[in-house]
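Please read them alongside the coordinates.

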Amino acid sequence: MSEDRYTELDRMRFTKNTQSSRLALLAILFDVLFFVSVYKSDVENYYYTILIGASIIYNLVFLLATFLASEGVKNYKTGYSWLMIGLGVIQIARIFIIPMNAHNAMVASGPVMDTFQFIRLIVYLVASAACLFLSAFINLQKSRALNAHVASLQGQQA
């Protein structure tokens with residue numbers, strides 16, 4: 001192992017994984033943009049349903065869980081990577097719930113969601129999921145490298 005790589009790995013023992021943490025926070029930002037874009041729409045009574053209520057509760061859980069994961073990956077904890085992968089999968093699945101239904105629905109005054117808003121919502125959800133997946137992948141790689149390095153240090157001390 002080169003001296004630069006050794007130094008980089010050794011330094012990880014004392015620094016935080018800010019790259020993964022920032023990507024998780026960026027995922028939150030994209031979810032907030034999605035949240036605001038959907039809930040500022042007021043098309044007759046279309047959005048006054050139990051589905052929107054469940055979506056609001058899920059958004060709150062998503063924000064809290066993703067923030068918790070962003071703090072967890074700072075310390076190279078792999079369990080939070082799996083949480084972020086799960087949240088990313090749900091973000092992709094959400095495309096087929098509110099945006100798809102609202103884009104295909106019509107009310108007396110016209111379509112519930114125009115094509116521009118539909119595409120924008122999909123971009124927000126995909127970007128949020130991509131940030132979560134990338135954050136999880138980076139954290140898994142760094143965690144494994146750090147764990148192997150710490151194990152080699154313990155082997156040298158024995």
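1. The model is predicted, and the remarks here should be read as remarks on a prediction.

2. Helix α1, residues 3-12, packs against helix α6, residues 115-157: their axes come within 9 Å and cross at roughly 100°. Angles of 65 to 115 degrees count as roughly perpendicular, and α1 and α6 are therefore roughly perpendicular to each other. On the α1 side the contact is made by R5, Y6, L9, D10 and M12. On the α6 side the residues are K142, A145, L146, H149 and L153. Sorted by class, this contact of α1 with α6 has six nonpolar, one polar and three charged residues.

3. For helix α2 (residues 18-39) and helix α3 (residues 50-74), the axes come within 8 Å, with a crossing angle of roughly 165°. Since angles over 145 degrees count as roughly antiparallel, α2 is roughly antiparallel to α3. The crossing of α2 and α3 is left-handed.

4. Which residues of α2 and α3 make the contact? From α2 they are S20, S21, A24, L25, A27, I28, D31, V32, F35 and Y39. From α3 they are I52, S55, I56, N59, F62, L63, T66, F67, S70, V73 and K74. By class, the contact of α2 with α3 has 13 nonpolar, six polar and two charged residues. The charged residues in the contact include D31 of α2 and K74 of α3.

5. Y76 deserves a look at its backbone. This residue is not a glycine, yet has a positive phi of about 60°. Y76 is found in the loop between α3 and α4, the latter spanning 79-94. Is the residue buried or exposed? With a relative accessibility of 10%, Y76 counts as buried, because the cut-off for buried is under 20%.

6. P111 is found in strand β2, which covers residues 110-111. At 49% relative accessibility, P111 counts as partly exposed, because a residue has to be over 50% to count as exposed.

7. What does P111 touch, leaving aside its neighbours within four places in sequence? The contacts of P111 are with V43, A105 and M106. V43 lies 68 residues from P111 in sequence. In space, P111 and V43 are 8.7 Å apart, C-alpha to C-alpha.

Terms used: Residues are numbered from 1 along each chain as its sequence is written. This is a predicted model: local features need pLDDT of at least 70, side-chain atom pairs count only at pLDDT 80 or more; totals for chains, interfaces and linings use all residues. Side-chain values use heavy atoms; hydrogens and water are left out. Axes are lines fitted to C-alpha atoms, for helices over the stretch in contact, and angles run from 0 to 180 degrees between N-to-C directions. Helices (H or I, at least four residues) and strands (E, at least two) are DSSP runs, numbered from the N terminus. Angles under 35 degrees count as roughly parallel, over 145 as roughly antiparallel, 65 to 115 as roughly perpendicular and the rest as oblique. Contact means heavy atoms within 4.5 Å. A crossing is left-handed if the near helix is turned anticlockwise from the far one by less than a right angle, and right-handed if clockwise. Buried means under 20% relative accessible area, exposed over 50%, partly exposed in between (1.4 Å probe, protein chains only).
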